[in-house]
Amino acid sequence: MKKDILETKKGNFEITVTVNGELKELSVKNGEFLLDALRRHGWKGTKKGCDTGDCGSCTVILNGRAVLGCLVPAVAAHGGELTTIEGLGTVRDPHPLQEAFVEAGAVQCGFCIPGMILSSKALLDRAPRPTEAEIRKALDGNLCRCTGYVKQVEAVKNASARLAGGKRKRG
Amino acid sequence: MKNIKYYARPSSVKDALALLLDRKYKALALAGGTLVAKTLPDSVETYLDLKDLPLKGIKLQGGNLVIGAGATFDEIDRDRLCRGWAGGIVSAAAAKCSSQLIRNMATIGGNVARPHSFNIFPVVLLGLDARVRVQAKGGSRLLGLEELYAAAPLLRPGSNCLITEIVIPAATKKWKCEFVKLAKTDSSWESYVTLFFAAERRGKALSRARVAVGALSPRPFRAPRGGEGPAGRRGPRQGLRGRPRRRARRGLRLRGVGQPARPLRGRYLR
């Protein structure tokens with residue numbers, strides 16, 4: 001039983017977590033949430049919006065599931081596998097989802113986009129050819145204040161077609 | 001969460017309960033954490049994470065539908081057994097909870113254990129006569145939802161006991177049910193009212209009609225008079241829309257402590 005218990009040292013938990021494929025040892029404060037811990041350690045692509053679980057801008061993929069970074073205590077990621085937006089692609093080599101969002105004109109102010117893309121990735125990993133209803137359902141927790149939802153849904157459809165090897169539709 | 005000193009992630013219910021009952025740790029159990037993580041009392045020193053417990057399965061047992069307390073809303077929404085039970089009401093209700101991101105995290109056990117007035121599952125499970133298996137110091141026992149909430153001062157799931165599974169009786173498998181959530185938006189977790197209506201159809205007549213209501217009081221409640229309206233009346237060909245539903249509305253005259261004095265009809269159910 002004792003081996004299952006982590007104890008704070010000077011108010012910090014020492015956790016081990018795989019972030020974007022790399023094993024990391026992080027020091028997280030007690031009472032700190034994953035969103036704040038990630039941003040403090042330099043993964044600033046994860047955005048802080050409402051901080052109450054309503055807007056979805058802090059979405060990350062933890063152990064294969066899209067979750068809200070602002071509601072997951074940082075210590076709960078111990079031993080887990082985490083994907084943030086930084087793990088998807090780069091400016092030179094973007095992920096097909098990132099490419100599809102740009103091509104469809106789905107990005108306006110951009111604040112919600114990391115969360116949108118990670119929610120979409122979790123969906124496509126589970127259902128490679130989702131219907132429009134499935135896409136809308138998967139993104140219903142990601143709010144866009146610029147209200148660019150139509151283009152975002154279209155971008156996910158295009159990315160799904162591209163990832164499945166089908167023909168791409170221009171946005 | 002600022003006073004948290006320990007983080008524990010046990011892999012068995014026995015270990016989890018032992019830690020919960022050990023006064024040294026001052027532990028509180030969290031499953032999805034969506035209702036509790038942001039509002040942990042300062043007195044809590046141990047965050048007891050239940051996600052490694054083997055409580056996620058959804059299965060048939062003795063004809064009953066048994067849902068592990070750790071099953072998330074999303075898993076329940078997509079589960080084949082849940083989709084086929086009582087016209088798919090369990091899955092449909094799970095799909096109405098807040099947003100996909102919350103449904104990925106929140107569990108049915110947590111939803112029952114923290115009976116916020118807006119919670120969806122207590123209403124549905126109350127209507128389906130579900131029972132909850134509670135693991136406490138003296139062993140395990142099955143309690144009805146009303147019993148569980150009535151025992152609140154003694155039994156506090158997550159603090160001194162754990163909910164391990166939800167048992168939905170076999171008799172409800174063929175029920176025709178409807179669940180209505182009235183809220184500002186579909187993804188809004190706060191609802192003005194949640195309403196569960198079920199009935200069994202025998203020949204042309206409806207029997208065992210029942211109504212459960214949530215969001216209007218701190219705990220969900222059954223409205224027996226709401227079930228009297230359609231019971232014994234002729235049922236619709238498909239679903240429960242139309243006359244039986246209107247009769248149920250007409251029968252929703254609720255009186256008592258914490259309940260509206262005037263009939264619900266016309267106030268909330270237009």
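**View 1. Salt bridges between chain A and chain B.** Chain A and chain B of this predicted model share 4 salt bridges, each a side-chain nitrogen of Lys or Arg within 4 Å of a carboxyl oxygen of Asp or Glu. One of them links D77(B) to K137(A), with 2.4 Å between the closest N and O atoms. The contact (heavy atoms within 4.5 Å) draws 35 residues from chain A and 39 residues from chain B. Together the two chains bury about 2900 Å², with 57% of it on carbon and sulfur atoms; buried area is the accessible area (1.4 Å probe) lost by two parts on being put together, summed over both.

**View 2. Helix 2 and helix 3 of chain A.** Here the axes of helix 2 (residues 96-103) and helix 3 (residues 113-126) of chain A come within 10 Å and cross at roughly 125 degrees. Look for L97(A), Q98(A) and F101(A) of helix 2 meeting residues of helix 3 including I113(A), M116(A) and K121(A).

**View 3. Helix 2 and helix 5 of chain A.** Helix 2 of chain A also packs with helix 5 (residues 149-163) of chain A, at an angle of about 135 degrees and with the axes 8 Å apart. That makes this pair oblique as well. Among the residues in contact are P96(A) and F101(A) of helix 2 and V156(A) and R162(A) of helix 5.

**Notes.** Residues are numbered from 1 along each chain as its sequence is written, and chains are lettered from A in the order in which they are written. Local features need pLDDT of at least 70 and side-chain atom pairs 80 or more, while totals for chains, interfaces and linings use all residues; side-chain values use heavy atoms, leaving out hydrogens and water.

Terms used. Axes are lines fitted to C-alpha atoms, for helices over the stretch in contact, and angles run from 0 to 180 degrees between N-to-C directions. Helices (H or I, at least four residues) and strands (E, at least two) are DSSP runs, numbered from the N terminus. Angles under 35 degrees count as roughly parallel, over 145 as roughly antiparallel, 65 to 115 as roughly perpendicular and the rest as oblique.
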